[in-house]
Amino acid sequence: MGTAGSTRFTRPTGTFSSLRVRNYRYFFAGQIVSNTGSWMQRIAQDWLVLSLTGSPLAVGITTAMQFLPTLLLGLFGGVLADRMPKRRMLIATQGAMGLLAAGLAAMTISGVVTAYHVYAFALLLGLVTVVDTPTRQAFVSEMVGPEHLSNAVSLNAANFQTARLVGPAVAGLLIAAVGSGWAFALNALSFAAVIGGLLAMRTSELRPVERIPRERGQLREGLHYVRERPDLMWPLVLAGFIGTFGFNFPTLLSGFAHDTFHVGPGRYGLLNTAMALGSLAGALYAARRGNPRLRWLTGAALGFGLLEVLGAFAPGYWSFAVLLTLIGIFGLTFNTAINSYVQLATDPEMRGRVMGLMVLVFTGGTPVGAPLVGWVTDAYGPRLGMLACGVVSALAAAVIGLVLARCADLRLAVDLHRGRAGRVVAFVPRQRAPQRELATAC
């Protein structure tokens with residue numbers, strides 16, 4: 001088994017410690033604007049498809065088209081992230097995303113857009129995302145270094161969720177007032193902020209990893225690296241289950257809004273805002289905790305799945321919104337935990353490929369999960385769709401948590417006498433011999 005020596009479980013020096021790094025501040029500021037625009041487009045896109053077709057399944061197909069390239073090409077995106085200069089690559093990918101948003105805006109405002117046009121733009125956006133996502137995630141370490149990496153990953157998530165608070169609300173107002181096309185247009189303009197931040201960076205202050213030369217077998221080398229590391233392989237398997245089945249909220253929430261609670265775009269946007277509030281709280285909590293351990297990661301996944309099960313039985317709109325806030329806390333905690341854990345546990349020269357694999361398993365399953373959940377939602381209603389997603393997520397977390405404990409030679413111990421003096425339930429070594437390396441990450 002490969003070493004996990006690159007993982008350092010430390011406490012951060014503050015919730016916003018990584019913002020002391022000038023280059024990261026520029027990146028962070030640009031992302032606030034761009035993420036807000038992206039959330040506006042996401043909400044407007046889902047509502048546009050629902051308005052054109054009246055079918056949650058069509059929303060699921062749109063989501064599937066956007067993530068299909070990740071399923072097919074995600075590993076190659078990780079290889080490119082290890083080969084190419086990341087800052088230049090991000091300038092190119094962000095510019096391409098802005099052009100695609102402008103094109104969709106023009107077609108929607110002119111009134112010629114159809115569901116098939118939206119599918120096509122979603123597919124093209126997915127092709128750009130194949131390269132953009134692993135490059136952007138791996139670039140964080142080049143801006144802040146390992147000492148601030150976990151904090152920066154959490155703040156990126158907080159940034160994303162702050163935009164999620166603003167974007168859906170603004171999108172709902174724009175859709176009601178002037179239509180979806182203007183939300184796409186504002187998103188196109190928002191990419192200028194992140195490109196400007198990238199151009200304003202001081203390249204002398206970056207910590208670039210030596211790029212790998214173009215050689216045969218680099219993709220296979222990345223897969224072999226993960227296969228020999230159970231501390232990486234099993235968390236990535238869990239991410240695959242959660243990403244494929246747990247995070248199907250565009251399909252589920254549009255179904256709950258349209259078919260279960262019979263509300264308009266404004267209330268639909270509020271459901272996304274409720275989840276974003278919880279996600280923002282989870283991100284800020286993660287920023288203070290320090291580098292995550294595997295027990296935190298699997299525990300967050302288990303809580304996320306169980307809360308989805310409860311959400312399936314919510315009696316009304318507002319109780320559902322409250323549960324979405326809690327789901328957001330646990331879902332974002334899992335998301336940031338696995339992102340920072342995998343980056344810290346991976347050798348720098350392999351980081352792009354491993355992050356490409358993580359993007360593949362976490363979002364690449366969406367082309368399978370989104371249409372499946374959309375079909376269940378169409379045929380049996382949104383409640384059964386969310387119930388199925390929650391059950392799969394909770395079972396995957398429980399099983400993989402036990403597998404990781406077994407790999408680390410740990411057992412579950414219950415001590416009712418410890419009470420407040422310590423944990424009543426804990427994983428402990430099976431014997432007094434030195435624990436395996438994996439146990440230090442649990």
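Guide: Let us begin with accessibility: a residue is buried under 20% relative accessible area, exposed over 50%, and partly exposed in between, using a 1.4 Å probe and protein chains only. Phe247, at 25% relative accessibility, therefore counts as partly exposed. This is a predicted model, in which local features need pLDDT of at least 70 and side-chain atom pairs count only at pLDDT 80 or more, while totals for chains, interfaces and linings use all residues. Residues are numbered from 1 along each chain as its sequence is written, and side-chain values use heavy atoms, with hydrogens and water left out.

Visitor: How is a pair of aromatic rings described?

Guide: Such a pair is described by the distance of the centres and the angle of the planes. Rings of Phe, Tyr and Trp (its six-membered ring) pair if their centres lie within 6.5 Å; planes under 30 degrees apart count as stacked, over 60 as edge-to-face and the rest as tilted. By this rule the count comes to 13 aromatic pairs. One of them joins Phe247 and Phe304, which are stacked at 4.9 Å centre to centre with 15 degrees between the planes.

Visitor: Where do Phe247 and Phe304 lie?

Guide: Phe247 is in the loop between H8 and helix H9 (249-260), and Phe304 is in helix H11 (residues 294-312), so the pair ties together parts that are 57 residues apart in sequence. Helices here are DSSP runs (H or I, at least four residues), numbered from the N terminus. Phe304 is buried, because its relative accessible area is 1%.

Visitor: At what angle do helices H8 and H12 cross?

Guide: Axes are lines fitted to C-alpha atoms, for helices over the stretch in contact, and angles run from 0 to 180 degrees between N-to-C directions. The axes of H8 (residues 230-246) and H12 (residues 317-345) cross at roughly 150 degrees and come within 11 Å. Angles under 35 degrees count as roughly parallel, over 145 as roughly antiparallel, 65 to 115 as roughly perpendicular and the rest as oblique. H8 and H12 are therefore roughly antiparallel to each other. Contact means heavy atoms within 4.5 Å. On the H8 side, the contact includes Asp231, Leu232 and Pro235, and on the H12 side it includes Phe334, Ile338 and Tyr341.

Visitor: How do H4 and H5 pack?

Guide: H4 (residues 115-144) and H5 (residues 149-177) pack at an angle of about 130 degrees, with their axes 9 Å apart. That angle makes H4 oblique to H5. Val140, Ser141 and Val144 of H4 meet Leu149, Ala152 and Asn156 of H5.

Visitor: Is Thr62 buried or exposed?

Guide: Thr62, in helix H2 (residues 56-83), counts as buried because its relative accessibility is 1%. Leaving aside residues up to four places away in sequence, Thr62 touches Gln45, Val49, Val118, Tyr119 and Ala122. The C-alpha atoms of Thr62 and Tyr119 are separated by 5.3 Å, although these residues are 57 residues apart along the chain.

Visitor: Which residues does Thr93 touch?

Guide: Thr93, which lies in helix H3 (residues 86-110), touches Val128, Val131 and Asp132, again not counting residues up to four places away in sequence. Thr93 counts as buried because its relative accessibility is 6%.

Terms used:
Helix = DSSP H or I, 4+ residues; strand = E, 2+ residues; numbered from the N terminus.
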